[in-house]
Amino acid sequence: MDARRHRAGEATPDLCRACKLTREHTVMAVDADGRILRVVCGFCGSEHNYRGGGDEGEAAPAPRLAVERERTEPRMSTRGPDDADDLEARLRRVLREELGFTPGAPAEKWRGGELVLRPGKPGLQEKKWPIDAFFNKVVMIRNRLRTLEQQVNASDLPEDAKVRLQSYITGCYGSLTSFNVLFADEV
């Protein structure tokens, strides 16, 4: 582990417990000596204790999205009791269905690509992210908007307040249509 002092909010590689790959994480908590305690995965959003950075020299293979696993396996398949990955996939599928989250898959042409932000001023460094991580963030925003919409509709707010909040949510959905180019066409 690093001897340097870390701060919450900075990026660090770590082995993600959910993805089972070394990915870029955001530091959530550090101790008094600046040692990382807790991180959140930049790809899947899972929070977990810091595991020491993972294998920084080893390139992570192209991620197999949970959505792809779910499309290739039969729904709620029954397997042996020792198959923990299958149990995890089933739990994810049930939660997604019950919460109304719809899976989305990036178009094949984008998978494994990079999102590059190049500053307009010469001499400034560009920023690169795996496009799969960016895609995942867009899907997470959409799903959280859907949850917010459900909460607003189920609340005890006056109808005029619900309508006003719903119009903001609708505007956010409209802004997200800019990212439709990322999604694969559903057959």
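Let me start with Lys-162, which is buried, with a relative accessible area of 12%, where buried means under 20% relative accessible area, exposed means over 50%, and partly exposed covers what lies in between, using a 1.4 Å probe and protein chains only. Leaving aside neighbours within four places in sequence, Lys-162 is in contact with Val-152, Asn-153, Ser-155 and Leu-157, contact meaning heavy atoms within 4.5 Å.

Before going further, a word on the basis of all this. What you see is a predicted model, in which local features need pLDDT of at least 70 and side-chain atom pairs count only at pLDDT 80 or more, while totals for chains, interfaces and linings use all residues. Residues are numbered from 1 along each chain as its sequence is written, and side-chain values use heavy atoms, with hydrogens and water left out.

Back to Lys-162, which forms a salt bridge with Glu-159, the closest N and O atoms being 3.7 Å apart; a salt bridge here is a side-chain nitrogen of Lys or Arg within 4 Å of a carboxyl oxygen of Asp or Glu. The two residues are three apart in helix H4, so about one helical turn separates them.

Leu-157 is partly exposed, with a relative accessible area of 35%, and together with Leu-165 and Tyr-168 it makes a nonpolar surface patch of about 280 Å². Patches are made of residues with over 30% relative accessible area and no salt bridge, with like charges joined within 9 Å and nonpolar side chains (Val, Leu, Ile, Met, Phe, Trp, Tyr) joined within 5 Å.

Which other charged residues pair up? The structure holds six salt bridges. Arg-111 forms one with Glu-108, at 3.1 Å between the closest N and O atoms; Arg-111 counts as partly exposed at 29% relative accessibility, whereas Glu-108 counts as exposed at 59%. Glu-126 forms another with Lys-128, at 3.6 Å between the closest N and O atoms, and here Glu-126 is partly exposed at 29% and Lys-128 is partly exposed at 43%. Asp-31, Asp-33 and Arg-35, in turn, are linked in a network of salt bridges.

Turning to rings, the charged end of Arg-23 sits over the ring of Phe-43, 4.0 Å from its centre, the criterion being NZ of Lys or CZ of Arg within 6 Å of the ring centre and within 35 degrees of the ring normal.

Finally, the protein as a whole. Its secondary structure comes to four helices and six strands, which follow the pattern β-β-β-β-α-α-β-β-α-α along the sequence. Buried residues make up 29% of the 187 residues, and among contacts between residues at least 6 apart in sequence, 48% join residues at least 24 apart. The protein exposes about 12600 Å², of which carbon and sulfur atoms supply 54%; accessible areas come from the Shrake-Rupley method with a 1.4 Å probe, and for residues only the protein chains shown count as cover.
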